Amino acid sequence: MRIGAPREIIPGEARVALTPESAAQLVRLGHSCLVEAGAGAASGITDAAYRAAGVEVVADAAALWQGAEVVVKVRPPEPAEIARLRAGQTLIAFFMPAQNPALLEQARATGATVIAMDMVPRISRAQKMDALSSMANLAGYRAVIEAANSFGRFFTGQVTAAGKIPPAKVLVVGAGVAGLAAIGAAVSLGAVTHAFDVRPEVAEQIESMGAAFVYLDFAPAQDGAATGGYAAPQSEEFRQAQLAKFRELAPDMDIVITTALIPGRPAPRLWTADMVAAMKPGSVIVDLAAERGGNCELTRPDQRIVTDNGVVVIGYTDFPSRMAAQASSLYASNIRHMLADLTPGKDGAVVQDMEDDVIRGATVAHAGAITFPPPPPKVKAIAAVKPREKPKELAPAERRALELAAFRAQTRNQFGLLAIGGGLVLLAGLFAPASFMSHFIVFVLAVFIGFQVIWNVSHALHTPLMAITNAISSIIIVGALMQIGPGSFLVILLAALAVFMAGINIVGGFMVTRRMLAMFQKS
């Protein structure tokens, strides 16, 4: 198949759906690639770089749409672009079918197949194609950079000769992919970071990144997780308790980054005008949901405004495009993985398998029919992880009783093993010669000691333990050396082999132990 990437026609869009690196991978799948002249210029990719990768550069969009059998884009197509589709052709792009029903109907009428990258189901196998997460990761990081650019102080606290500078306080609302990326960036810059999410299971993730989770005292407790990896809509009572908590936090926060957005739904209003009025002059709000109306009541899409009390509200809708080179690389990789699933034979033939959960979920139009919304995937979506139950705290008397019971059980086991082992040794002594028994008893004792050493040690310590015990237990080399001397050639040969193997055991045991100990030492 011929895969083509046109230049994006939305003003300000700098991303491109095909890079030289992804084109080289697509060629291995049996495809050929073409790109419109200048399509990658805004991402820093020249036409010469495409040609060097074996990509054909065509003069204009009309030639590309005519020559490509699969067209890959970033932004949803405009009606003029849909009009260029033909039956049997495939379009892969962000499409947002729930918000663009007229566009979807126009695409259906062409008879082409439309695969929406924003409809890729959130199941484990599809993570490599999850373009929403790829772009959200960049948006969260860029939001912190934009906030730092508009904030008048350091993020990290400092103590200087001129005085003490307190650290910035950052609140991230929503701990999805974008929220976690924002948390990571804010923490790395030294800000005191707080985060809120309606899903209690993300508290551990937030705290593991160095931020503080904002707990909401609300009864009955509500789990805001929904299938598909997104947060579920909340009750009005919960929303009011949430807004009350934000009003409490607003005067103390320097930077607020809101990321609450569910695809296909308007952005929930989480930061009201009175909260903005309560913030300090110079504070910054970055609204990542501006494209769907915004989480902040004062957000204006694609604008940066300053309120009467000096609070900066940033409502840009092109955060990933502001990091065009990285965004293009990630999005092109998502497209490549989608095409890899569409080309199971690696022979350049696209197979539209509507029984495949990922392909069926992302396909919104096919063979003259609208296939949106898709049926639920056969494979369960990434489920919410329920918080682990804390172990019950035992009273001192209960703890002593458990320890005593464990000691008694261990004592019974040891005496049982000793009794059985002693009986077997006595039974062997009735029939075996005395010379055999002296060696056999040493062997039995060695086995018993080795069993006790290994059995009572944590599995994580087995490797260093075995390394040192191998070295120590090479006392066998002494016995081998005693056998080398006048006598049978076979005995001498076996003794020499024993010395050689025991030497390897000694040297290897200490070398492994030394290397493992070095892992815990600072150079």
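The model is predicted: local features need pLDDT of at least 70, side-chain atom pairs count only at pLDDT 80 or more, and totals for chains, interfaces and linings use all residues. Residues are numbered from 1 along each chain as its sequence is written, and side-chain values use heavy atoms, without hydrogens or water.

**Stop 1: the sheet.** Select the strands (DSSP runs of E, at least two residues, numbered from the N terminus). Eight of them form an open sheet with mixed pairing, in the order β3-β2-β1-β4-β5-β6-β16-β17. Pairing here takes at least two DSSP bridges between two strands.

**Stop 2: β1 and β2.** Select residues 2-5 and 32-36; these strands run parallel, over 4 bridges. Find Gly4: Leu34 in β2 stands opposite.

**Stop 3: helix α11.** Helices are DSSP runs of H or I, at least four residues. Select 324-342: α11 lies across β1, β4 (70-72), β5 (90-93) and β6 (113-116). Its angle to β5 is about 140 degrees, between N-to-C directions of lines fitted to C-alpha atoms, on a scale from 0 to 180 degrees, with the helix fitted over the stretch in contact.

**Stop 4: Ile92.** Contact means heavy atoms within 4.5 Å. Beyond neighbours within four places in sequence, Ile92 touches residues including Val70, Ile115, Tyr331 and Leu342.

**Stop 5: the cores.** A nonpolar core joins buried (under 20% relative accessible area, 1.4 Å probe, protein chains only) Ala, Val, Leu, Ile, Met, Phe, Trp, Tyr and Cys residues through side-chain atoms within 4.5 Å. The largest has 39 residues. Helix α11 gives the largest share, 6 residues. Apart from this core lies another, of 33 residues, among them Ala147 and Ile314.

Methods: Buried < 20%, exposed > 50% of the residue type's maximum accessible area, 1.4 Å probe, protein only.
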